[in-house]
Amino acid sequence: MGREADELGDVRAEKFDPAAPREQFRRYRRRKADAGESAPGAAAGGGGGSGGSPARAMSVAFGSGGSAGGAGTPSMSLRDMRESFAGMASPPSVTRQSWMHSSFPGEYRTPVASGARGLRGGRSEFLNSPMSFDDDEEQQPPWMSGYGEEDEDEGMGVKPPVPSKTPVILRKVKPEPGIGEETPESAEQSYGRFASMTNAALQDELSLPEFMEQCEGTCHDLAQVVREEAELGHRVTEERLMRQTAQMLQAESGTWSLLWYLFGKEAQEMYSDDPLVYPATSTQEAVQFIMSEPFVQQCMRIVQWLETMASKDLDYQKKHKGWYAGSYMQKLGVWHQTQRAIRKHAGHAMLVQNVDPDAPTREHGRLHPEDQKLEEDLLEDVWKLLRAGRLGEARDLCRSAGQPWRAASLGGCGDLGPSPSVEAFCNTRKDRALQAQELESGIAHQRRLWKWACYIASEKIGDRGDEAKHEAAVYASQCGNLRRMLPVCFDWESACWALARSWLDTQVDAELSQRHPPKASRGRTISAANMEASEGPQSWPQPVLDQQPRDLVGMFQKLHSGDLVHENVKRSCKEQQRLVQMDLIIGDFSHLLDLLKDWTIPKDSTIKFHGHPQIVRFAAHLVLVLRRILADTTDDIVAEKLRIVGDLILNGYVIFLFTEHQEDLVGVYASQLAPHLCVELYVNFMDLRQNDPVPVKYKIFRTAVEFLPFFPDSDESKGCVSDILDKVLSRSREIKPGMQAVVKEEGSEQGTGELRQLQSAQKAQAVQWLCFTPPGNVPDVERIRAELLARALEHSNLLFREFALTSLLRTIVVPAGPHRLLSLLAEPLKQASDILASLEYPDRMQENLQEFEDWRLYYECDGLYRSWLNIEQMNAEVPPEYLSVEEKERAISAARVALDQASALLASDKGMWLAGVDTTVGADTEVGWLQLQATAVLISATGAYLAPDPTVCTTLSSALHHCGGDAGLLRQLTVEVDVNRRDSNCLDVKLRCLPVSGDGLGLATGHDGGLLGSILALAAKGEMLHFQSGLALEVVTMDAWRWDENMVHRTPATYILQGLSRRCCLPELILRCMELKVFLAASRETETDEDESTDLISLVASKETALHHLFSQRQLQEFLLLEREMTICSMESTRDASHF
């Protein structure tokens, strides 16, 4: 009793210091130097001397001793309370709950000393009173005047806590970012961060373990940001969704951590620093066994993962909540209330009569309720520290709480524990004490006894009920007794840790027992009722062995349906991240991929995505990691599923990024798709962004060029930009229902013209993808620039030919497509000379550039003619007598300019426009067939469209065949006409014949498109025999090919399209010139007729140019009629001039 009295006296002499356990108390004001000064309003009868009792002090604290401060105002200052408690017979204590941060981050519960330990219920109201912080000195209430001035050293400007019965909740205020500080990302803004990490990993700038670690840290940071944002005040639904997102991100962080422990963490060598001792200890042999057995090492990694997650949670609580397991006052575990009850003989009948550690179990008694509660709180925190793998901290906590005997009882294998990791073993010094013990008693003998003692202790303590469940779990964790551990595991991670830790320890103990069988007992026997030992060399408690699963699948089955498993754990087994974690641990990657597919890809489509965006993102990154991990797998089923399902998941995530307008991120993930999926995906994206602003389109182009090879021979495992652009251009020329061919009634051609204009503009707009400048950091950038310009010129020429055949009618509507092409290529063509100089073989680009220049001149003439026609039609609406001279001169000036421009075009190279281009293609190629295919609509002379039917198709096919004449019979001409599948208002025409010399074989001569070009030209002009008069084919798209004999390989037959354009455009241009000449002659403008360059009769009739072969019979008749009318007008003008 003397020793106990001395100890009690030492404890009594201690005063409550709030700055010891809590870091934030450093900001509080220090008490005034005058210790005798009291706060105003102190209650009478609330003495603070050494003779005061706890009950009296608490009554004073609650203001029940005649206080005039009211029910909500404390009757004495906190300083006086501390001094009062310091002189009491029992030492003051602070319960763990009073130090606890509330469940809301930002709401602080401040500790207050009480005279009774562990007050709960109504009596704990004072302990749990939230404190008020106020920086305003003037607004300080009078009962706070007992506190000292602000500490000049720490100077945080925060007042000390003052008890109050009115809760004052302090919410955290989100600080504004300062200069140089970055605003934290939200979960929705984190896709760029993941994309940059993924790109670094794909470029081997980050190793796979580093990538996993960064993903874990990113998810953890994002979860914290979302959690803090949810506390700033939102609607209930918004806050709930944000908390769910934070929980989801936190669980994902755990999955990335698991991946690192399973596949990223390298096995550390034991012999790096030579920490071995000889002869080996049981701890060293346990570590060696864990290293040598892959299955046991996997179990060890699972345990390390779960302990690391729990340890990080403790660190988070300490950093953001200010407390964590182990935040205790010293001597908190001394049973003072039980001591007083024993001395006063006022305890319950079941109260223990001694205070030694074994008394509750030996006497089947209980501690004082307050001591019992503090004991349970202490052991709960010891359990949390053991759960986090902090055995050393748990033992230190026991010592600081006044229970060194408990610290010793947990140190049977030292601070490393029964199954230490290699890292922990190598980081500690050689344990000579353990070596000495085992040399004397035998290897693992002391360990075996300690394990048995922990098992018996867990069973005996566990029989006392729920009040000792954490104490029983603490000792059960040291011997693998799941029966006592699982009742305190309320979450999935704790229950999984209990099973994995128990299983690991049991395997290690069984191996040590086999290596070092237990010696025969010397006269000591243990009853079978108390220690049910298994038969054989293992000599281990049979109940512990029976509780262990057979394999990992059995372990998770226990989590699903175990009798001792908490309901929350069973529900958690159905959560998404838990299912992923279990499949990763088991190694069932096939089932894992099926889960990811069900969560992200709908069953009715493989393009759209569904599910939570964070799950879609996680699934995509997990697929990339699994592809790296399982790159050398021998399981063909898993490899095939990882390829197919992985592409579907990645495809869904890329589409999600696109819908979120994250176009600059899609290239990172699209580059990992199969080539055909990647190409199709980019084609769809470019088609959807066709009419978006240029910066948006350039982002898509840049990501494609940066992350994909441009040429197909660079990397066959990825889709190439060249194929993407080819498909984009090809799709832009396809018929879109309702865009081009719409049957209209007579007199409503204006709506159809607008649709035709829109279609041509859309086709021209696709060329803009070829006009972008590739980034300078792309390999072989100069070659890419040259290829882009060459393709732009080639495709533009193809569109120019199609636009020319759709703009043959003499209307005032200026075709939008050609002029859009000219504007798009204006800037790239400024660098054409430099690119041509850098090319090794510039012939192809030179030919395309020459044809582009010819079309530019043609459409300039076309625009000038339509401008004059517009002016003339406007003047025609006004009676001649009311038409002003200025309007007449305006029309004459426009006609003169248009005629001069057209005459210059015809005079250049003597009418060889579009001639001489593409003359060498196919000269050395074996050609079996020539084919010309076109999509067109039937149009009348008035501009009305005719819907085709089978009868029309048959009639048109026959008419086209007759247009071939005898040459068609000799060259086996075949004609196919069908209704277009995309648009029932359009026709698909396909012409095929044998090649001959000069037309498909050798050099192309004649410059008239050959047999196929002449047939389609007659159809475009509406002069087919045996067909309805006045009906013509308005060609929308056309292509010409050279095929081999087997119709397998093909090459473009550009000369056919160029000759067809010459047959249709040059006669129309000459007829327009004649119309202008007639107008000028009628306007008495005859001076232009004297110019020889405008002698169209000579140009058409010339044998050198042979332009008359390009005219149809109707066009020649029109040409002669216009020439006659012009001559008459000239004669009249001459006669009038001579008369005057």
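What is the handedness of the crossing of α26 and α27? The crossing is left-handed; a left-handed crossing has the near helix turned anticlockwise from the far one by less than a right angle, and a right-handed one has it turned clockwise. The model is predicted, with local features needing pLDDT of at least 70, side-chain atom pairs counting only at pLDDT 80 or more, and totals for chains, interfaces and linings using all residues. Residues are numbered from 1 along each chain as its sequence is written, and side-chain values use heavy atoms, with hydrogens and water left out.

Two packed helices are described by the angle between their axes and the distance between the axes. Helices are DSSP runs (H or I, at least four residues), numbered from the N terminus. Axes are lines fitted to C-alpha atoms over the stretch in contact, and angles run from 0 to 180 degrees between N-to-C directions.

Helix α26 (residues 613-629) packs on helix α27 (residues 636-659) at about 140°, with the axes 9 Å apart. That makes α26 oblique to α27. Angles under 35 degrees count as roughly parallel, over 145 as roughly antiparallel, 65 to 115 as roughly perpendicular and the rest as oblique. Contact means heavy atoms within 4.5 Å. The contacting residues of α26 include P613, V616 and L624, and those of α27 include L642, I649 and F656. This contact holds 12 nonpolar, 3 polar and 4 charged residues. Ala, Val, Leu, Ile, Met, Phe, Trp, Tyr, Cys and Pro count as nonpolar, Asp, Glu, Lys and Arg as charged, and the others, Gly among them, as polar.

Helices α29 (residues 675-688) and α30 (residues 694-707) pack at about 160°, their axes 10 Å apart. α29 is therefore roughly antiparallel to α30. Their crossing is left-handed. Y682, F685 and M686 of α29 meet I700, T703 and A704 of α30. The contact has 5 nonpolar residues, 1 polar and no charged.

The axes of α33 (residues 781-806) and α34 (residues 816-824) come within 9 Å and cross at roughly 160°. These two helices are therefore roughly antiparallel. The crossing of α33 and α34 is left-handed. S796, L799, F800 and F803 in α33 touch G817, P818, L821 and L822 in α34. Here 6 residues are nonpolar, 2 are polar and none is charged.

The largest pocket holds about 1,600 Å³ of space. Its lining has 46 residues, and Q250, D313, D491, E493 and R578 are the closest to its centre. Elements giving two or more residues to the lining include α6 (208-230), α7 (236-264) and α9 (294-321). By class, the lining has 15 nonpolar, 17 polar and 14 charged residues. A pocket is an open set of points on a 1 Å grid over the protein atoms alone, where a 1.4 Å probe fits, with protein on both sides within 12 Å along at least five of seven lines; lining residues have an atom within 4 Å of a point.

Definitions and conventions:
Points joined across faces, edges and corners; volume = space filled by probe spheres on them.
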